[in-house]
Amino acid sequence: MDLEGLSGLVDYGVIGLLAISSVLVVAIILERLAFYARLKLATYTSAEALELDLTKRLVIVASVASNAPYIGLLGTVLGIMLTFYSMDFAEGADPGKIMVGLALALKATAMGLVVALVAVVAYNGLLRRAKVLMLRWKIAQVASVEPVAQR
């Protein structure tokens with residue numbers, strides 16, 4: 001495989017993985033928001049069952065949030081390695097080509113950070129919404145229990 005093909009593979013592989021991760025996070029965000037909107041708290045009889053349903057798929061959002069910067073960094077490191085490797089085959093080291101190669105390599109880190117920031121904000125927002133719903137359920141449970149008559 002030639003150097004250009006390898007560079008494209010690294011770019012499309014890393015950027016593609018980050019793009020798929022961001023689409024997955026957006027899909028989970030929309031699904032969770034729809035679920036929270038149509039949730040009937042009165043149908044739950046245990047806090048554990050409610051918590052399981054409220055936090056479903058949030059681990060995926062948290063995983064993307066924590067790993068996207070590393071995936072972007074991997075793309076940058078591989079891109080920089082390819083840039084330096086291509087210098088070895090060039091007749092002369094053209095600073096312009098080197099700078100373009102390094103700038104293009106950094107786009108993977110930038111995309112990884114953007115994906116991570118969106119996922120972190122989404123995770124925190126969804127987790128907060130889940131906690132609020134749990135507290136509303138607990139308050140409703142306490143309110144429905146009749147107070148014991150005092151002696």
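Buried means under 20% relative accessible area, exposed means over 50%, and partly exposed is in between, with a 1.4 Å probe and protein chains only. By that scale leucine 73 is partly exposed, at 43% relative accessibility.

Before going on, the basis. This is a predicted model, in which local features need pLDDT of at least 70 and side-chain atom pairs count only at pLDDT 80 or more, while totals for chains, interfaces and linings use all residues. Residues are numbered from 1 along each chain as its sequence is written, and side-chain values use heavy atoms, with hydrogens and water left out.

Back to leucine 73. It sits in helix α3; helices here are DSSP runs of H or I with at least four residues, strands are runs of E with at least two, and both are numbered from the N terminus. Together with Tyr70, Val77 and Met81, Leu73 makes a nonpolar surface patch of about 420 Å². Such a patch takes residues with over 30% relative accessible area and no salt bridge, with nonpolar side chains (Val, Leu, Ile, Met, Phe, Trp, Tyr) joined within 5 Å and, for charged patches, like charges joined within 9 Å. The areas come from the Shrake-Rupley method with a 1.4 Å probe, and for residues only the protein chains shown count as cover.

Also in helix α3 is threonine 83. This residue is buried, at 8% relative accessible area. A polar atom of the Thr83 side chain lies 2.9 Å from the backbone oxygen of glycine 79. Leaving out residues up to four places away in sequence, Thr83 touches Ile98, Gly101 and Leu102, where contact means heavy atoms within 4.5 Å.

Next, the core. A nonpolar core is a set of buried Ala, Val, Leu, Ile, Met, Phe, Trp, Tyr and Cys residues joined through side-chain atoms within 4.5 Å. The largest one has 28 residues, and Tyr36, Leu39, Leu50 and Leu54 have the most contacts inside it. Two or more residues come from each of α1 (3-38), α2 (47-54), α3 (58-89) and α4 (95-144). The largest share, 10 residues, is from α4. Beyond four places in sequence, Tyr36 is in contact with Leu54, Leu58, Leu126, Arg129, Ala130 and Leu133.

Last, charges. How many salt bridges does a search of the whole structure find? Two, a salt bridge being a side-chain nitrogen of Lys or Arg within 4 Å of a carboxyl oxygen of Asp or Glu. Glutamate 31 pairs with arginine 32 at 2.8 Å, N to O, and with arginine 57 at 3.2 Å between the closest N and O atoms. The Arg57 pair links distant parts of the chain, 26 residues apart: Arg57 is in the loop between α2 and α3, Glu31 in helix α1. Arg32 is buried at 2%, whereas Glu31 is partly exposed at 26% and Arg57 partly exposed at 37%.

Conventions: A polar contact is a pair of N or O atoms within 3.5 Å; within protein, one must be able to donate a hydrogen and the other to accept it, and residues adjacent in sequence count only if both atoms are side-chain atoms.
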